[in-house]
Amino acid sequence: MPGLVVFGRRWAIGSDDFVLPGAFELFVRLVWWIGILVLYSVHKGQFNCPGGGLLHSYLLGLLILLASIICALSALVYVSMQGTISNPGPRKSLPKILYTRLLLYFPEFIWAVVGAVWVSDNSVQCEKTVINGVIGTVIASWIIIVFTIIGVVIVFDPLGGKKTFYLPDGVSRNLESSQSGQLLYNVKSSATRVWEKRIRLLCCCIVQDDDHRVAFTSIAELFRNYFSDTDLVPSDIAAGLILLHQEQDKMENCPKEPEEVLCHSPSSLVTDDLDVELENAAHYMLFAAAAYGWPYYVYTNPYTALCKLNGDCCRNRPTDSDITGSDRHNFHFGSILKITGLQYRDFIHISFHNKIYEIPFFVALDHKKEAIVVAVRGTLSFEDILTDLSADCEDLTLEEVLENGFVHKGITQAANYIYRKLINDGILNQAFTIAPEYKLVIVGHSLGGGTASILAIMLRNSFPTLRCYAFSPPGGLLSKSLADYTKHFIVSVIVGKDLVARLSMPNMEDLKRRIVRIVANCNRPKYQILLRGCWYEVFGGDPDDFPTELDGRNQDALTQPLLAEESLMVHRSPSYNALEEESHLNSPPQYPHLYLPGKIIHIVEEGSSRRLCSSDIKYAARWSNETVFSSILISPKMITDHMPDVVLKALNSLSQEQGSCLSC
């Protein structure tokens, strides 16, 4: 629902968000009140000790105060349970109850101070049980006060005073006027500054230069544009994701049309091609994983990795000319050796240098496949995250091949950095001097996969036989023309419902519209959605069939925003401008469609539970196309399916299955 407005400003919490925290505090207060009542009743006639008079007054006042707080909390929880996410009408009295509850913090604070003073008074000689009870009361009071302050800080919206101007109130505003236009400009500027401060705070531990400042501003504008047209609070988004996940599971369980993908085509040529690429992908995924260095090795070998790396830290130390960047104790290089199984002499160049738009990579000789492998590391630092989030588009023109191609700006700059190192520093010349008959293969996972893909495009003219294997690359990477061009030399490998492979600004806009639509039109209270959703995610079962206002509507009606949806929009979004003329899968004009690179191998699970704890997993692979990844899928495995160890496990499983079939 729209954010709660109290004290003249908007807060990042809804009026229906007090049910669960309020119920928990109510339970604590009831137990507390009963305990104090028992303590007071048992020792009612035993307050003749030094300091007993103050103790008697303290306990009596505490009982009255707790009773008042319990009544206020009961009313707060009851009112917060009323209505639905998009229908806050039954909760219109909640701000008054909230003011009453907040006023009760003042006497509670005074009583906590009085209790602390009484406990610290050495002249008090009352019974030990009573003293311990008061100590527990004082501690509980201060804990609740501290957590309340933390909660207020969390739900504080720096733009709350600005956003109240844009809450729907039925008043027509002429945003074309100079006054309204200036007001809107000020709000946007303030929002950009707030997001920029948040990003700077998160990245406070890294050295910041001009590149960082430009990236901070670009990313802040990206976040501001994305969140500026909705009035959703975090719990609304959580409820929307839960509803979308259950709706998605219901659709998966229903009979459906055959997917528009090549799924083990009867053509033996296509099947053989898939088997060969799977075997190659399983081999080269080791290099992509090794690029992560010791964090990946320790993550996959938590009990033995440190001992093995410590034993090898002084051996196989490369000379300064072979390695750039920091590698204390030789942990990164030692991990790469163990993961790939190569020898030191097989490495041409290793770079651990890491800045924004400059990511680590290594060049090695793979004698098994007779290839010179360039392996690019994925996201592992704040600098890498900033590179990922620099999601503006920029042109990439290939002379005599392609014009007007669009690419991800941050990843393209990272690819440019590695391109300059490989060509200008003579790294590839050195490699081909050693092994002139070898072919060039570029690999990477996640950010490394996207960078490897664009790097392959840049090197394609110079190395026509080049191959690239991009594991779980970002979805918003290449324009359609570039994606089609790369199908001849790039293979992308995606596992399951990987989130990153579906991440693009059009897909994020689509997800936002889907969340707004399903949240606004669900007829159940938010606390029921959250509780049942948590049960479903943890224990499974059948998806809940939440009734919505969408039920029974024809498809044509679904192309227009409903009244409940419009109540969640701060101002009319470019997304809905597009809805009037385009389908819900099309993107707003300011976000061009970007796609995954090359031919796509999609690996899916077969015959296993969708729960995270399932262990016996069988995989199936098929050729797919970019349209399959045009929508973000909500799943408990949307993050784990992206992890490099999961990708490697899936590829090894398929490779072993293929080998066993051949032996049979």
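Predicted model: local features only at pLDDT ≥ 70, side-chain atom pairs only at ≥ 80, totals over all residues.
Most residues other than glycine have a negative phi. Is Ser 446 buried or exposed? The cut-off for buried is under 20% relative accessible area, and Ser 446 comes in at 8%, so it counts as buried.

There's another one like this to look at: Tyr 357. Here phi is about 70°, again positive in a residue that isn't a glycine. You'll find Tyr 357 in the loop between E4 and strand E5 (361-366). Its relative accessibility is 8%, so Tyr 357 is also on the buried side of the cut-off.

While we're around E4, have a look at Ser 351, which belongs to that strand, residues 347-351. With a relative accessibility of 1%, Ser 351 is buried. What does its side chain have within reach? A polar atom of the Ser 351 side chain lies 3.4 Å from the backbone nitrogen of His 353.

Let me zoom out for a second. The protein chain has 664 residues, and 51% of them count as buried. It's built from 23 helices and 13 strands. If you take the contacts with a sequence separation of 6 or more, 74% of them are between residues 24 or more positions apart. The accessible surface is about 31400 Å², with 60% of that belonging to carbon and sulfur atoms.

Now the inside. In soluble globular proteins, nonpolar side chains tend to be buried together. Here, the largest nonpolar core has 50 residues. Which residues have the most contacts inside it? Those are Tyr 284, Phe 347, Phe 362, Val 443, Phe 471, Ile 603 and Leu 651. The helix that gives the most to this core is H10, residues 268-290, with 10 residues. There's also a second, separate core, made of 42 residues, and it includes Val 363, Val 407, Ala 435 and Leu 466.

Leaving out anything up to four places away in sequence, Leu 651 touches Leu 278, Ala 281, Ala 282, Met 285, Phe 471, Val 493 and Ile 603. Two of those names, Phe 471 and Ile 603, were also on the list of residues with the most contacts in the largest core.

Next stop, helix H14, residues 382-389, where Glu 383, Asp 384, Leu 386 and Thr 387 are buried. Looking down the axis of H14, the buried residues fall within an arc of 160°, so they line one face of the helix. His 408 is buried, at 5% relative accessibility. Ignoring neighbours within four places in sequence, His 408 is in contact with a whole list of residues, among them Thr 387, Asp 388, Ile 454, Gly 476 and Leu 594.

Ile 237 is in helix H9, residues 234-253, and at 30% relative accessibility it counts as partly exposed. How far is Ile 237 from Val 519? In sequence they are 282 residues apart, but C-alpha to C-alpha the distance is 8.1 Å. Beyond its neighbours within four places in sequence, Ile 237 is in contact with Leu 232 and Ile 515.

Then there's Ala 305 in helix H12, residues 305-312. Ala 305 is at 0% relative accessibility, so buried. Setting aside neighbours within four places, Ala 305 is in contact with Tyr 297 and Val 298. Trp 294 is 11 residues away from Ala 305 in sequence and 8.5 Å away, C-alpha to C-alpha.

How many disulfides does the structure hold? The count is 0. Cys 468 is buried at 0% relative accessible area, while Cys 534 is partly exposed at 47%.

Technical notes. Residues numbered from 1 in each chain as written. Heavy atoms only, no water. Buried < 20%, exposed > 50% of the residue type's maximum accessible area, 1.4 Å probe, protein only. Helix = DSSP H or I, 4+ residues; strand = E, 2+ residues; numbered from the N terminus. Arc of directions from axis to C-beta. Polar contact = N/O pair within 3.5 Å; in protein donor to acceptor, adjacent residues only side chain to side chain. Core = buried A, V, L, I, M, F, W, Y, C linked by side-chain atoms within 4.5 Å. Contact = heavy atoms within 4.5 Å. Disulfide = S-S within 2.5 Å. Areas by Shrake-Rupley, 256 points an atom, 1.4 Å probe, with all protein chains shown as cover.
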